[in-house]
Structures are given as C-alpha cells and as structure tokens.
Amino acid sequence: MYLFYNILLCLVTPFLILFFLFKKRATENITFLRHRLGFYPAACLPVPGEKTRRIWLHAASVGEVNAVVAFVRLLRKTYPRAWIGISTMTLSGLDTARQRLPEGDSHFLFPFDLFFSARRAVNLIRPDLLITVETEIWPNLLYYARRRGARVLMVNGRLSPRTFKTYAKLKRFFRRVLACYDAFSMIRPEDADRIAALGAPREKIQINGNIKVDSLYRPTEPGIREKTAKTLRLSGKEKLLVAGSTREGEEEMILTAFKKIKKSIPELFLLIAPRHPHRAGEIAHLVRAHGFEPVRRTELPAREKTITPESVLILDTLGELFHVYSLATLVFCGGSLVPLGGQNPLEPAAWGKVVLYGPSMEDFADAKQLLEKAGAGIEVKNAADLADKAVALLAAENRLQETGATVQKLLQSQQGPSRRSLDLVQKLLEGDGLEKERTSCQ
C-alpha cells in the first residue's frame, strides 16, 4: 500500500506543482518550489548545537495557525531554549504564522509528501518532536520522522464524519500510518472513537478539548474595536451583519437575504469576508448585480465617499477578520450553506456574538454543539431562512447582547486544552509516563 501511495504521489505531484505555480505570483514561485521539495535555506534550519531540543509543529493553513497561538506560547515558555519550527501548507498560512507566532524560530512551507522531499526535510531539521495539528496525516513524513527517532504527536485532533468515511475505505493503510504516532490529543469523544476505529491504539488517545478556545482570549491592544471601526470608515455604532469566511456560492445567497432584511431594517450594513480574498472582484460584481455599491477594504485609504448602508464592504485582506467581528451586531459563518463542512464559529462567539450558519458544519461539530448549548448558534437552511432569522434577532438587540455574554462565559469555562496538550509534549520529550516500546509504522 505504501508503494502504491508513493507511485500515485509521483504521478500526481507534477500536475499539482503546475496548478499551484499557475495560481501564484512569479515572485512566490521559487520559495514555494524550494520549500515544498525540501530544499530549505540555512535561515530556516536549526543551527547545530545552538538549541537543546528541536520541535517541528505543522499547522496546515490560516485556521490551524490561529488555533495553536496559545499552545505555541506555552510551548515556548516551557522550552525557552528549544528550536521551534512552524510549517504550513499555504503561503497565506505562512504569512499568518510569521505574524501570529513570533515564538517560532523558523517559519517555512511543508514539503510535498514525496518520499525524497519528506526524507530530505526530516534529515535537514532532525526533529526530536513532530507535532501535527488537527488531521494532517502525511505517511512519508511520519515514517521518516519516526525512523530518525522523533516522537510524534497529534494535537487538536478531529475527524469529521465525511473525512472518516473516506479514510475508513483505506483502514489497513491508515492503521500502519497511525502507528507512527506516539500520542493523540483529540477534541471530542467522537473524534477519539473515529481515530481508534481507523487503528490508533486506545492507550495512546486522550480527549483534551479544542485548543482554539485558549487562543481566542489573546491580549489585544487597548481600543482595538474603535481602531478597527476607523480603519473601515465606520463609527462602530452601526447595525452590522458580518458574513465571515464565505465560500463560492454563498455570497449570492447572503446578498439575496440582505436585500430582504433591508426591507425591515434599512439601516443595516453588510460586510462580506471571503475565505479566499482573491475572489473580491467576483464578489464585487455580485454586489453590483444586487443593486449595492461594493467597497473593498484595500480601496478605503484612497476613498473619499462616505460608507452608507447601501454599500457592501468586502474584506479583501488577511488577518483582520477576528477584530472585525468585534463590530458585528450579528454574524454569519461561511462554508456552511454550501457542502464544505463550515468554518470555525468560535472567533465571533469570543466577542460575544450570536452566530448563524448553514446545515453543513460537519468539520466544526464540537464548536456548533457548544454554541447551541448557550443559544448563541443558530442554523439556517437557505437565503430565505437566513433573512427571517436575522430580522427576528436584530429586532431583539438586548437578547443578542445577553446571549453573547452567556457564550463568552461558557467559552471562558472551556479554557485548558492547550495545557493538557502541553502535558503530552512534556511526557514525550522527557520520556515520562508514556509507553516506551514503539511499534513499527511500516
């Protein structure tokens, strides 16, 4: 099965490289190719003998990077002299990691899981501990890390029913791959059951909650809400619907709903933050087609006209959405009215916001369950349902604020998953309390 996996990767990777290069700017191509093939410059690598331990943490993209902020801070505080390298799959994730995780000694792109690039990356970095975030299961990298003597840990592990159904078809293969792990820190009992059903030994699995919750309560500079409003040319007192992390096919429904909501609440503003900012031009065209004026965030510095309720703001930048949620009266969480598994609704909830989302929230079932427990998460079926429920909620602002305060307290009570995951790191690095005999993963 490993042989088939490697043959398949060798056949598919050239096409993937061409696809990624076509999408990226020319100035990014060299960095992208070098890193993904395992050719890292010296600046990305540990200096021999300078640090006592080498910890490689892999967080696929922006969402995973944001999730591990508190965990990485604890990691650095616990191991101040260790080399901590942070890899991502995407350039946007890499930019976010550099901004949000300065505790890392190095930030670089994850290698393709080809046998030669994975082996080269592991041989250059020589990690003592490899940490993968959520469900980043890469067989070749895991194998070569294990062969070099690294401990391997999964943190914030989750398996949606959709992902589990796919992986279960290759259960024999994944049983061998999962044998490379020394420990699994899973979010929920359901996630633990699914990873065990794929072949992970029960004695290696712990249920530690969602480390994203810890990262939501990061220190912010004083007056951040006011500064964010000023940046968007708003007063901060507007009734504002924020549609965050939207995906293709959702903006049409959101604008249809917004048009209907405006009949009851004409003073309502709308801000759309697409999951992929390069789609801003396409969304601007949709906004015009619905009779509104599109205003892109990147155009605001040069704009002289006032933002009105007939304008629709488009957040075509990365890294600002969390603070923008502070201005929202009500939030819609994207990736959920189309069958893509949803996006994480905990960020707006951390600001005390009630969150609407569509029926596709499989990838964030734990967060959905938590918000619904507090009455701060509400499912909508389509554009008409979104409009009806938004009108009802916006007409009862006191209830919105009370529910928001309730969910904030609930999230605060959930703090601690990062500390529990760090305990596993310490046991692995110190060789204390976890099984020392390690089974083969190939």
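How much of the accessible surface of the protein belongs to carbon and sulfur atoms? The accessible surface comes to about 19,200 Å², and 55% of it belongs to carbon and sulfur atoms. Areas come from the Shrake-Rupley method with a 1.4 Å probe.

## Basis

This is a predicted model: local features need pLDDT of at least 70, side-chain atom pairs count only at pLDDT 80 or more, and totals for chains, interfaces and linings use all residues. Residues are numbered from 1 along each chain as its sequence is written, and side-chain values use heavy atoms, with hydrogens and water left out.

## Overall fold

The protein has 20 helices and 14 strands (DSSP runs: H or I of at least four residues for helices, E of at least two for strands). Its radius of gyration, taken over C-alpha atoms, is 23 Å; the globule rule gives 22 Å for 442 residues, so the protein is as compact as a globular protein of that length. That rule is 2.2 Å times the number of residues to the power 0.38. The C-alpha atoms fill a box of roughly 65 × 45 × 45 Å along the principal axes.

Of the 442 residues, 57% count as buried (under 20% relative accessible area, 1.4 Å probe, protein chains only). Among contacts (heavy atoms within 4.5 Å) between residues at least 6 apart in sequence, 70% join residues at least 24 apart.

## Ala-70

Ala-70 lies in helix H4, residues 69-78. Its relative accessibility is 15%, so Ala-70 counts as buried. Beyond its neighbours within four places in sequence, Ala-70 contacts Asp-214, Ser-215 and Ser-418. The C-alpha atoms of Ala-70 and Gly-416 are separated by 10.0 Å, with the two residues 346 apart along the chain.

Key. Buried means under 20% relative accessible area, exposed over 50%, partly exposed in between (1.4 Å probe, protein chains only).
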